[in-house]
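Here is a set of questions and answers on one protein chain. Please look through the sequence and the model before reading on.

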Amino acid sequence: VDVWLVHAWSDDVPLAETVVEQGRQIVTAQLTEVPPAPYVSVIPAGTTLRAFYVTDRGDAFVDLSSEVVRGHPGGSLNELLTVYAIVNAVTANLPAARRVQILVDGKEADTIAGHVDLRRPLTRDDSLVREGDEK
């Protein structure tokens, strides 16, 4: 099964007036866009963005609803894909964000499904991204 990691938003997300609003739009698009067939989303259905902010040090905080945990299918690869779909979308498209910390329901989360440590901000990882239509 091919998964859908939306990586660049330059044409799909309108430019916002503030860094925080732009970040909110990027993450919201990542959570809600329906991938074209035959791809599937790596974000559990129903996951919403509760809050988004960026520190002066370049750390973005993405607060997701609990559906990201409750609806997650589990497995280390699935969890890596979920986490880095969010981390990479933010860091690739928001120059002010160098690292991303994922929160769940307003609280620091140890993990989404038991495999990826979310206790500190994560940097971009392109090892999970395949460019274009390469097979």
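Q: Which backbone oxygen does the side chain of Thr91 reach, and at what distance?
A: This is a predicted model, and the distance is computed from its atoms. Thr91 lies in helix H3. The side chain of Thr91 reaches the backbone oxygen of Val87, at 2.9 Å.

Q: Is Thr91 buried or exposed?
A: Leaving out residues up to four places away in sequence, Thr91 touches Ala97, Arg98, Arg99, Val100 and Arg124. The relative accessibility of Thr91 is 12%. The cut-off for a buried residue is under 20%. Because 12% falls in that class, Thr91 counts as buried.

Q: In what order do the elements of the chain run from the N terminus?
A: The chain has three helices and seven strands. Read from the N terminus on, the order is β-α-β-β-β-α-α-β-β-β.

Q: What percentage of the contacts with a separation of 6 or more comes from residues 24 or more positions apart?
A: The chain has 135 residues, and buried residues make up 44% of them. Among contacts with a separation of 6 or more, the share from residues 24 or more positions apart is 64%.

Q: Against which elements do the buried residues of H1 pack?
A: Helix H1 covers residues 19–32 and reaches 20 Å from its first C-alpha to its last, close to the 20 Å expected. Its buried residues are Gln22, Gly23, Ile26, Val27, Ala29, Gln30 and Leu31. They pack against strand S3 (49–54), strand S4 (59–64) and helix H3 (76–93).

Q: Which element supplies the largest share of the largest nonpolar core?
A: The largest nonpolar core has 29 residues, and those with the most contacts inside it are Val62, Leu64, Val83 and Val90. At least two residues of this core come from each of H1, S3, S4, H3 and S5. The largest share is eight residues, and the element that supplies them is H3.

Q: Which residues does Val90 touch, not counting residues up to four places away in sequence?
A: Val90 is among the residues with the most contacts inside the largest nonpolar core. Beyond residues up to four places away in sequence, Val90 touches Ile26, Val27, Phe52, Ala60, Val62, Ala97 and Val100.

Q: In the hairpin of S3 and S4, which residue takes a positive phi?
A: S3 and S4 run antiparallel and are joined by five bridges. One of the pairings sets Leu49 against its bridge partner Leu64 in S4. The hairpin has four residues between the strands, and the residue with a positive phi, near 90°, is Gly58.

Q: With which side chain does that of Asp59 make a polar contact of 3.1 Å?
A: Asp59 has its place in strand S4 and counts as buried at 4% relative accessibility. Leaving aside neighbours within four places in sequence, Asp59 is in contact with Tyr53, Val54, Arg99 and Pro121. The polar contact of 3.1 Å joins the side chain of Asp59 to that of Arg57.

Q: Why is strand S5 largely enclosed by the rest of the structure?
A: Strand S5 covers residues 99–104. The strand is largely enclosed because the number of its six residues that are buried is five.

Q: Which residue of S7 stands opposite Val100?
A: S4 and S5 run parallel and are joined by six bridges, and Ala60 has Val100 as its bridge partner in S5. S5 is also joined to strand S7 (residues 122–123), in the antiparallel sense, by two bridges. The residue of S7 that stands opposite Val100 is Leu122.

Q: Which residue of S6 stands opposite Val104?
A: Strand S6 covers residues 107–108 and pairs with S5 in the antiparallel sense over two bridges. The two strands form a hairpin with two residues between them. The residue of S6 opposite Val104 is Lys107.

Q: What is the phi of Asp105?
A: Asp105 lies in the loop between S5 and S6, and at 36% relative accessibility it counts as partly exposed. Most residues other than glycine have a negative phi. Asp105 is not a glycine, yet its phi is positive, at about 55°.

How values were computed: Residues numbered from 1 in each chain as written. Predicted model: local features only at pLDDT ≥ 70, side-chain atom pairs only at ≥ 80, totals over all residues. Heavy atoms only, no water. Expected span 1.5 Å × (residues − 1). Buried < 20%, exposed > 50% of the residue type's maximum accessible area, 1.4 Å probe, protein only. Contact = heavy atoms within 4.5 Å. Pairing = 2+ DSSP bridges. Polar contact = N/O pair within 3.5 Å; in protein donor to acceptor, adjacent residues only side chain to side chain. Core = buried A, V, L, I, M, F, W, Y, C linked by side-chain atoms within 4.5 Å.
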